[in-house]
Amino acid sequence: MKKEKATLYQQLILWREKHIKEKHFILMLSLLVGISAALAALLLKYMIHAIQNLLTYNFSSTQVNYLYLVYPVVGIFLTAIFVKYVVRDDISHGVTKILYAISRKQGRIKKHNMWSSMIASSITIGFGGSVGAEAPIVLTGSTIGSNLGKAFKMEHKTLMLLVGCGAAGVVAGIFKAPIAGLVFTLEVLMLDLTMASLLPLLISSVTAATVSYILSGSEAMFKFHLDNPFEMDRIPYVIVLGIFCGLVSLYFTRTINSIEGVFGKTNGLYKKLLLGGTILSILIFLFPPLYGEGYDTIHLLLNGSNNSEWNTVMNNSMFYGYSNLLIIYLVFIVLFKIFASSATNGGGGCGGIFAPSLFLGCITGFIFPHFSNKFGTTTYLPEKNFALMGMVGVISGVMHAPLTGIFLIAELTGGYDLFLPLMIVSVCSYLTIMIFEPHSIYSMRLAKKGQLLTHNKDRSVLTLLNVESVIEKDFETVHPEMDLGEMVNAISNTHRNVFPVTDNQGVLLGIVLLDDIRNIMFRQELYHRFLVRQFMTSPPGRLYDTDSMEQVMKTFNDTQAWNLPVVDEEGVYLGFVSKSKIFNSYRKVLVQFSED
């Protein structure tokens, strides 16, 4: 039976290759990826809201709810157990995993990510984890694209494109924002925009957004009505807001990395759960808006029109009824949201920083004009408008994606009338954080390891190479106690002019250069007088099998060598890498990488 299935599958592949052109089939796959991504995004949203509504439907808005101390711990505990005993793989940092798959795995992502991230994030967020669902579902969409391409035996360039199609489709589907889906893939995932990639990405984005509109209605995700049109005399305040958002983005990035470092040094599942659960529960108990994605707070700040409506953000908390403390309350939320998000993921939960960025941006944008209006600026600053702009600022700063921020917020809210100030805030925020952080929160982990694919062609091609792909192992190995006669015999067995010298355990001790013994190698009377250890020399440098290609090229430049030995961490000889091999491999990859 299995043989028959394999035969039918192979027949399908052969029929496709014979009857459907490659470029047409890629478009068909991008359509299918768009549909699948939208359905996955909508399913995840439904699962999260169903769990949240089940747990919190009877909460009182005027009293403290002590279940806030319980639900988040239960959520990250269940998620941690699910990941450890069911998934048995690391599924955190979804967008970073996609970047790694593009940079180092030629677009290949494990199949379980099609469902594991959805289940884990729905449990985490549904029980109150202070993270977003977007990064896990982007990983899900990209995994769908990757594995669909693998199923039809597509080459690695097409796999990387389908990974991008999955990400674009999910962003377009979950936010009903097709342009943002396309731009997100180009800016954040750093795929090159060519004519061959543009059309599939557009098809996935438009298809996913259309499916989302059909199944969930045509309204924007966040309702926004422009009550105060933008006036040019507000531009200086808009610029200041952009700089402020850039600094908040910097605080977000630096703090979340520091806290992740603390959890990374904490050994043991239950220790992490105890630390993360304690921090998260206390923060949510004190500041209930930190519960879940925080989209209810965004709705409130974007649609409220007076203090009595905005003060409802303090419902369910011990601050209820203290309207004079609203700004202080919101400032505390901005400061502690990062701790809540980091504690969620560090404690064993699963989620991303997309929603926290929107949440922080909205509150930051609201605080700025509310404080200014209260303490006497001559120009009135509408809180709703600036809350919208703040969302753009923090998204652009955290993700290093100014275009994604602009189009996402415009499509997310229908706030196209504020396009000019949105652009100003986005650019100012991006320029501000770029002074301090050259990489986004997603890419910095890979950038530190030299594993990040970028729009820089030379650097990208080197990233797609690795030491293993360029190492050569046909060098004749010699030992230090061999005499000159045995050395000459080794020379006759190879066309190489460099000979690695190793001990009995294979550890590299040095090298012998043919040029160094050329003057004595034909004098037979010396064959038993000289030993290899007498004329071997130290190599000008050593490469390690874990080195990135950028490090390899740096070592070659520093040593001015043409061939360098490769060893592992214990110093065991593995082979040689030559400049000519690197250049040949570089040319091949560059041709593939640059084709439209």
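Which residues cover the two faces of β1, and are they buried or exposed? In this predicted model, Val498, Pro500 and Thr502 sit on one side of the strand, Phe499 and Val501 sit on the other, and all of them are buried.

The partner of β1 is strand β2 (residues 508–513), and the two run antiparallel, paired over five bridges. One of the pairings links phenylalanine 499 with valine 512 of β2. Together β1 and β2 make a hairpin, with five residues left between the strands. Glycine 506 is in that turn and takes a positive phi of about 85°.

Turning to the helices, α5 (residues 116–126) has ten of its eleven residues buried, so the rest of the structure largely encloses this helix. The buried set runs through Ser116, Ser117 and Met118, then picks up again with Ala120, Ser121, Ser122, Ile123, Thr124, Ile125 and Gly126. As for what does the covering, the list includes α2, α3 (71–87), α6 (134–151) and α14 (326–346). Just past the end of α5, glycine 128 shows a positive phi, here about 110°.

One of those covering helices, α2 (residues 22–56), holds asparagine 53. This asparagine 53 counts as exposed because its relative accessibility is 51%, and the cut-off for that label is over 50%. Its C-alpha atom lies 8.5 Å from that of glycine 126, although 73 residues separate asparagine 53 and glycine 126 along the chain. Glycine 126 itself is among the buried residues of α5.

Helix α15 (residues 354–374) is another well-covered element: 18 of its 21 residues are buried, so it is largely enclosed by the rest of the structure. With 21 residues at 1.5 Å a residue, α15 should span 30 Å, and the 31 Å between its end C-alpha atoms agrees with that.

Then there is the nonpolar packing. The largest nonpolar core takes in 109 residues, and the ones with the most contacts inside it are Phe175, Phe184, Leu358 and Met391. Leaving aside residues up to four places away in sequence, phenylalanine 175 touches Glu134, Met221, Tyr295, Phe354, Leu358, Leu408 and Leu412. Apart from this core lies another one, of 18 residues, with Val488, Met521, Leu526 and Val532 among them.

Notes: Residues numbered from 1 in each chain as written. Predicted model: local features only at pLDDT ≥ 70, side-chain atom pairs only at ≥ 80, totals over all residues. Heavy atoms only, no water. Helix = DSSP H or I, 4+ residues; strand = E, 2+ residues; numbered from the N terminus. Buried < 20%, exposed > 50% of the residue type's maximum accessible area, 1.4 Å probe, protein only. Expected span 1.5 Å × (residues − 1). Core = buried A, V, L, I, M, F, W, Y, C linked by side-chain atoms within 4.5 Å. Contact = heavy atoms within 4.5 Å. Pairing = 2+ DSSP bridges.
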